Amino acid sequence: MSLPRPPAKAKLLASLFGPRVDLLEEVLQRLQQVLGAVDEYGPRLLFDRTDYYAAEMGWPLERLFVTFSEPIRQDALASIK
């Protein structure tokens, strides 16, 4: 029989997208103030799979994936979101 135990810490991944690179950078700076340093940046990608957000956010949209260096408790994910 297994015994319950707290989940292991995990690496936090964020996906950011928007119409302006400067806004993505500003959001990323604010996230780092709360979540700590970013350790990996993915390439900026064109977010063109749907035009669902175009009316509200503009076009074209760019997407950026980042991970944060400090692992988080997995049960903290809901409050982080």
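# Fold, ring pairs and buried residues in a predicted model

From the N terminus on, the protein chain runs through its elements in the order β-β-α-β-β-α-β-β-α, and the model discussed here is a predicted one.

Colleague: How many helices and strands are there in the protein chain?

Modeller: The elements follow one another as β-β-α-β-β-α-β-β-α from the N terminus. Counted by kind, the protein chain holds 3 helices and 6 strands.

Colleague: Is the protein chain more spread out or less spread out than a compact globule?

Modeller: The C-alpha atoms fill a box of roughly 55 × 25 × 20 Å along the principal axes. For 81 residues the globule rule gives 12 Å, whereas the radius of gyration is 16 Å, well over that value, so the protein chain is more spread out than a compact globule.

Colleague: What percentage of the residues of the protein chain count as buried?

Modeller: A residue counts as buried when its relative accessible area is under 20%. The accessible surface of the protein chain comes to about 6300 Å², with 55% of it belonging to carbon and sulfur atoms. Of the 81 residues, the part that counts as buried is 20%.

Colleague: Where in the chain do F17 and F47 lie, and how many residues apart are they?

Modeller: F17 belongs to strand β2 (residues 13–18), while F47 sits in the loop between β4 (45–46) and α2 (54–57). Their pair links distant parts of the chain, and the separation is 30 residues.

Colleague: What kind of aromatic pair do Y52 and Y53 form?

Modeller: Y52 is exposed, with 65% relative accessibility, whereas Y53 is partly exposed at 29%. Their ring centres lie 5.0 Å apart with 85° between the planes. Ring pairs also link Y52 and Y53 with F17 and F47 into a cluster. Planes over 60 degrees apart count as edge-to-face, so the pair of Y52 and Y53 is edge-to-face.

Colleague: Which residues is L24 in contact with, leaving aside its neighbours within four places in sequence?

Modeller: L24 is found in helix α1 (residues 21–35), and at 5% relative accessibility L24 counts as buried. Leaving aside those neighbours within four places in sequence, the residues in contact with L24 are L16, F17, G18 and E62.

Colleague: Which residues does G18 touch, not counting those up to four places away in sequence?

Modeller: G18 lies in strand β2 and is buried, with a relative accessible area of 5%. With residues up to four places away in sequence not counted, G18 touches L24, M57, P60, L61 and E62.

Colleague: Is the peptide bond from W59 to P60 cis or trans?

Modeller: P60, one of the residues that G18 touches, is found in the loop between α2 and β5 (62–68). The peptide bond from W59 to P60 has omega near 0° and is cis.

Notes:
Residues numbered from 1 in each chain as written. Predicted model: local features only at pLDDT ≥ 70, side-chain atom pairs only at ≥ 80, totals over all residues. Heavy atoms only, no water. Helix = DSSP H or I, 4+ residues; strand = E, 2+ residues; numbered from the N terminus. Phe/Tyr/Trp six-rings, centres within 6.5 Å; stacked < 30°, edge-to-face > 60°. Buried < 20%, exposed > 50% of the residue type's maximum accessible area, 1.4 Å probe, protein only. Rg over C-alpha atoms; globule rule 2.2 N^0.38 Å. Areas by Shrake-Rupley, 256 points an atom, 1.4 Å probe, with all protein chains shown as cover. Contact = heavy atoms within 4.5 Å.
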